[in-house]
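Please take a look at the chain below.

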Amino acid sequence: MSEYIVSARKYRPMTFDSVVGQGAIATTLKNAIKANKLAHAYLFCGPRGVGKTTCARIFAKTINCLQPHADGEACNECESCQAFNEQRSLNIHELDAASNNSVDDIRNLIEQVRIPPQIGKYKVFIIDEVHMLSTAAFNAFLKTLEEPPAHAIFILATTEKHKILPTILSRCQIYDFQRMSVENMVKHLSYVAEKEGYTCEPAALNVIAQKADGGMRDALSIFDQVVSYTGGNITYQRVIENLNVLDYDYYFRLVDFMLEKKISESLLLYNEILGKGFEGGPFISGLASHLRDVLVCHDPQTASLLEVSDDIRQRYVEQAQRCKPQWLYRAIRLCNDCDQAYRTSRNKRLQVELTLIECAQATDDEPGAGRRPAHILKPIFSLLAAAAKETASHAPQDKGATHPATSAQSAQPKSSAQPATVPNGSPLGSSSSSSPAPSPAGSPMGKIPPIPSATAPKRPTLKMGRLAPSIHRSSATAATPSAAAVAETPAEAPAAPLENRDLDTTEVLLQWQSFINTMPKEETALAQRMKIMQPTITDAHAGSIEVLVENIEIAGMMTQIAPRIAAFMRTPLQHAGISITFHIPAQGQEVVKPRNKREQLLHFCDLNSSLISLGKSFKLELS
């Protein structure tokens with residue numbers, strides 16, 4: 001019985017041309033070898049299983065080949081190539097930095113660097129997972145990495161470039177390896193299956209490639225696992241059984257149920273999926289991805305973005321023709337919200353089922369389609385929906401129909417249907433007489449029950465805004481209105497025209513401070529500056545006000561809020577043409593600047609000299 005070798009090792013590329021998915025890097029290295037322009041240090045970085053170590057070995061073999069081909073490939077026939085292929089070459093040293101990451105390991109490596117090669121021109125040191133080296137080991141390696149002997153070449157490989165010191169990165173040529181595409185992996189798996197004599201379906205290889213998540217080594221390992229399960233006959237159905245992957249067919253059926261608004265069937269299908277051992281989290285994430293693929297297939301140009309087999313792509317295109325983009329936008333957003341809330345939900349199954357119901361009830365003609373939908377659930381099951389429809393058909397069609405208790409009142413004239421109400425809420429008259437009559441104390445009128453809330457008239461309410469009421473209020477406005485005035489006053493009376501009175505300095509300053517008191521917290525710094533500003537009236541009749549500020553930056557900020565200040569002042573000052581301008585003081589003019597605490601103390605001491613003696617008596621000092 002011959003020794004079994006896994007496919008990842010058996011079919012490891014031996015030449016640059018056989019490297020899968022890294023054509024640009026392979027071409028760059030071949031051209032550097034042909035031009036004899038080799039760097040002393042390289043850094044290969046990228047995801048796992050994409051060919052970093054493989055390219056490093058091919059590169060090491062090629063530069064030591066005694067008879068290289070014209071295209072930059074190794075001959076695989078000379079003594080150096082034969083030694084490499086038989087894994088007995090002394091010119092290639094591989095170090096696993098994950099288990100050899102100390103300073104002593106790096107010192108031993110430096111000692112080996114000094115020894116020249118016996119066959120060939122170069123000694124190549126491949127350090128895998130170099131990011132695992134300790135900081136001390138990196139520092140010990142710096143000098144040798146920067147100025148190695150002429151015969152030494154270092155190739156560092158890592159999956160986490162961000163963990164490597166910048167001083168190491170600056171000494172290397174950096175090559176970023178990309179993830180393998182599904183198409184390239186499917187081609188390579190087909191090649192391996194052909195070599196081994198296996199029969200396989202393209203859809204099955206596509207599932208293996210997607211499961212590998214961009215790593216060729218992972219794809220080959222999964223391939224070997226599937227071969228052991230299927231015995232060499234690799235079919236789509238047996239692959240999804242072995243890998244525990246949810247079939248595409250479930251998502252296609254579920255979307256069809258949603259389009260037909262078959263909620264019961266959707267919930268039963270989800271229950272079947274749970275019965276096969278799948279969790280709700282991967283399911284809802286896969287449903288969102290499926291809906292995204294359906295949306296992509298709306299345009300034939302973007303349908304090529306799907307990394308699936310041709311027959312599956314055709315199913316996506318057919319389903320996309322039945323789905324409107326607006327519905328897909330809503331369903332994708334619902335699934336995305338469910339995916340985010342699933343991790344913290346206590347009843348995870350209910351979370352998914354509610355999402356399926358909302359997706360089935362979503363329509364593409366509702367207002368706001370494509371944005372976050374309102375969570376309103378309609379009748380779900382067919383029997384309940386039919387009962388609700390039958391109830392709605394027997395309901396009165398007249399929208400103006402009211403409760404029998406209030407029908408008599410609605411038939412009365414409008415003037416007597418809702419009696420006027422004084423500010424304290426008592427009725428001015430009863431429904432039986434047109435004129436109010438006072439009732440003596442202890443009469444039956446005092447025992448009349450209160451009017452029900454359904455028919456009671458709404459009391460007029462005063463809604464206060466953020467701004468305080470004006471202090472310039474006439475006595476007639478401040479007086480309590482009479483009952484007749486309350487009854488006849490409309491809901492929103494038009495604003496009275498302004499008188500355009502001449503501005504008064506005292507009133508302007510008062511309104512200036514009132515505006516400062518109403519400014520939000522976000523403008524606290526600006527409000528503090530406004531407290532020391534002095535508005536000056538330049539034209540009292542025209543309503544022109546001028547304010548001097550310190551610099552152009554403050555002038556710009558104040559100019560932005562000038563319309564707010566003017567609008568605040570117009571009604572209290574009774575002037576519709578108020579305009580405020582901010583200027584930087586000209587030569588000879590002075591602007592008031594804010595004083596610090598020491599300047600404020602000195603100012604008060606100048607105004608009152610007794611403060612100085614008070615401070616000396618109590619031995620006070622300004623902190």
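Is Glu-160 buried, partly exposed or exposed? Glu-160 counts as partly exposed, because its relative accessibility is 24%. Buried here means under 20% relative accessible area, exposed means over 50%, and partly exposed lies in between (1.4 Å probe, protein chains only).

This is a predicted model: local features need pLDDT of at least 70, side-chain atom pairs count only at pLDDT 80 or more, and totals for chains, interfaces and linings use all residues. Residues are numbered from 1 along each chain as its sequence is written, and side-chain values use heavy atoms, with hydrogens and water left out.

**Salt bridges**

- A salt bridge is a side-chain nitrogen of Lys or Arg within 4 Å of a carboxyl oxygen of Asp or Glu.
- The whole structure holds 22 salt bridges.
- Glu-160 has Lys-163 as a salt-bridge partner, at 2.8 Å from N to O. Lys-163 is partly exposed, because its relative accessibility is 45%.
- Lys-161 pairs with Asp-176 in a salt bridge at 3.4 Å, N to O. Lys-161 sits in the loop between strand E4 (152-158) and helix H7 (166-169), and Asp-176 sits in strand E5 (residues 173-176), so the pair ties together parts 15 residues apart in sequence. Lys-161 is partly exposed, because its relative accessibility is 30%.
- Helices (H or I, at least four residues) and strands (E, at least two) are DSSP runs, numbered from the N terminus.
- Lys-143 and Glu-147 form a salt bridge, with their closest N and O atoms 3.8 Å apart. Both Lys-143 and Glu-147 are exposed.
- A network of salt bridges links Asp-17, Lys-30 and Glu-73.

**Aromatic pairs**

- Rings of Phe, Tyr and Trp (its six-membered ring) pair if their centres lie within 6.5 Å. Planes under 30 degrees apart count as stacked, over 60 as edge-to-face and the rest as tilted.
- By this rule there are 15 aromatic pairs.
- Phe-141 and Phe-154 are edge-to-face, because their ring centres are 5.2 Å apart and their planes stand at 85°. Phe-141 lies in helix H6 (residues 135-146) and Phe-154 in strand E4, so the pair ties together parts 13 residues apart in sequence. Both Phe-141 and Phe-154 are buried.
- Tyr-251 and Phe-283 are stacked, because their centres are 6.0 Å apart and their planes stand at 15°. This pair links distant parts of the chain: Tyr-251 is in helix H12 (residues 248-259) and Phe-283 in helix H14, 32 residues apart.
- Tyr-251 counts as buried, at 9% relative accessibility.
- One aromatic cluster is formed by Tyr-42, Phe-44, Phe-59, Tyr-175 and Phe-177.

**Around Phe-283**

- Phe-283 belongs to helix H14 (residues 280-296). Phe-283 is buried, with a relative accessible area of 2%.
- Leaving out residues up to four places away in sequence, Phe-283 touches Leu-246, Tyr-251, Leu-254, Tyr-270, Ile-273, Val-352 and Leu-356. Contact means heavy atoms within 4.5 Å.
- Phe-283 and Val-352 are 69 residues apart along the chain, yet their C-alpha atoms are separated by 9.0 Å.

**The E8-E9-E10 sheet**

- Three strands form an open sheet in the order E8-E9-E10, with mixed pairing. E8 and E10 (579-583) are the edge strands, each with a single partner strand, so one side of each has no neighbour in the sheet. Neighbouring strands are turned by 35° against each other on average, direction ignored.
- Two strands pair if DSSP finds at least two bridges between them.
- E8 (residues 536-539) and E9 (residues 544-548) are antiparallel, over three bridges. Thr-536 stands opposite Glu-546 in E9.
- E8 and E9 make a hairpin with four residues between them. Gly-543 in the turn has a positive phi of about 85°.
- E9 and E10 are parallel, over five bridges. Ile-545 stands opposite Ile-580 in E10.

**Helices H24 and H25**

- Helix H25 (residues 552-573) lies across E9 and E10, at about 150° to E10. Axes are lines fitted to C-alpha atoms, for helices over the stretch in contact, and angles run from 0 to 180 degrees between N-to-C directions.
- Leu-526, Ala-527 and Met-530 are buried in helix H24 (residues 524-531).
- The buried residues of H24 pack against helix H23 (505-517) and H25.
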